Amino acid sequence: MNILIIYGTTEGQTRKVAGFLQNEFENQKHHVTLSDANGTPPAPAGFDVVILGASMHMERYQEPVLYYIREHHAALSKTVSAFYSVSLTAASDDEASWHELKHITERFLIAGHWHPALVEYVAGALRFTKYDFFKKFILRQIAKRADPAAAAGDDKEYTNWDALKAFCTKIEQLAAAAPVTVRPEESDFEAVC
Ligand SMILES: Cc1cc2nc3c(=O)[nH]c(=O)nc-3n(C[C@H](O)[C@H](O)[C@H](O)COP(=O)(O)O)c2cc1C
């Protein structure tokens, strides 16, 4: 399979997740193209699977990811596509916070006119040693809800790598059940016939 993974990140955890997914798929002999949404990510045409990832900051996902979705939503709807959301809320078991996370994510996907086949909520990381004063203040408030023990200011990674392996398996199963991807040259051919 030919897989495209595009990520939006601020402190690097969503990129780390993208790298993990790349590794998992490459171990299964798939070809992976990894791209930062801040650069010039390739269009979805010609890929069997497109995965987009973004992290939550102040209840918003990175705008370059939204721009990509808006520009390519028609092509995304013709391929097997998945979204993974990275946040601290996903590390919490607070029902109200989860409700809010899902609501924000739904609004984001609706704003992009995109209906991914899968949405995965990934617990991110606290990087207090890298935050400036302002970020430390914000994260202490968020951590109080997600993980009160961590609010003291230690770095901590919450990402469940086994759950991400299961995410890869689900994507492979969806792609195996989907019709064969039409390459750009083939669709051009159909268009002129
Ligand atoms: C300034 C700032 C604001 C954040 N806001 C939220 C938030 O509103 N909700 C949440 O669940 N997590 C929030 N987080 C936690 C991040 O989503 C988490 O640290 C994630 O791992 C960041 O991923 P990234 O390194 O790919 O940007 C915030 C983090 C920072 C630094």
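**View 1. Strand β1 and its cover.** Strand β1 (residues 2-7) is mostly covered, with five of its six residues buried. Buried here means that 20 or more other C-beta atoms lie within 10 Å of a residue's own; exposed means 12 or fewer, partly exposed lies in between, and C-beta atoms are placed from the backbone. Strands (E, at least two residues) and helices (H or I, at least four) are DSSP runs, numbered from the N terminus. The model is predicted: local features need pLDDT of at least 70, side-chain atom pairs count only at pLDDT 80 or more, and totals for chains, interfaces and linings use all residues. Numbering starts from 1 along each chain as its sequence is written.

**View 2. The partners of β1.** β1 pairs with strand β2 (residues 31-36) in the parallel sense, over six bridges. Two strands count as paired if DSSP finds at least two bridges between them. Ile3 has Val32 as its bridge partner in β2. From β1 the chain crosses through α1 to β2, and this β-α-β crossover is right-handed. Right-handed means that, with the strands pointing away from the viewer, the path from the first strand over the helix to the second runs clockwise. β1 also pairs with β3 in the parallel sense, over five bridges. Here Ile6 stands opposite Leu52 of β3.

View 3. β4, helix α3 (residues 95-111) and β5 form a right-handed β-α-β unit. β4 and strand β5 (residues 118-123) pair in the parallel sense, with six bridges. Val86 has Val122 as its bridge partner in β5.

**View 4. The shell around the ligand.** The ligand is surrounded by 21 residues. A residue is near a molecule if its C-beta atom, placed from the backbone, lies within 6 Å of it. The closest are Glu11, Thr14, Ser55, Ser87 and Gly124. α1 (13-27), β4 (80-87) and α4 (133-146) each supply at least two residues of the shell. α4 gives the most, with four residues. By class, the shell has eight nonpolar, 10 polar and three charged residues. Nonpolar covers Ala, Val, Leu, Ile, Met, Phe, Trp, Tyr, Cys and Pro; charged covers Asp, Glu, Lys and Arg; the others, Gly among them, are polar.

View 5. Met58 is found in the loop between β3 (49-55) and α2 (63-76). Its phi is near 50 degrees, a positive value in a residue other than glycine. Met58 is exposed, with 6 other C-beta atoms within 10 Å. Glu59 lies in the loop between β3 and α2. The phi of Glu59 is near 65 degrees, a positive value in a residue other than glycine. Glu59 is partly exposed, with 13 other C-beta atoms within 10 Å.
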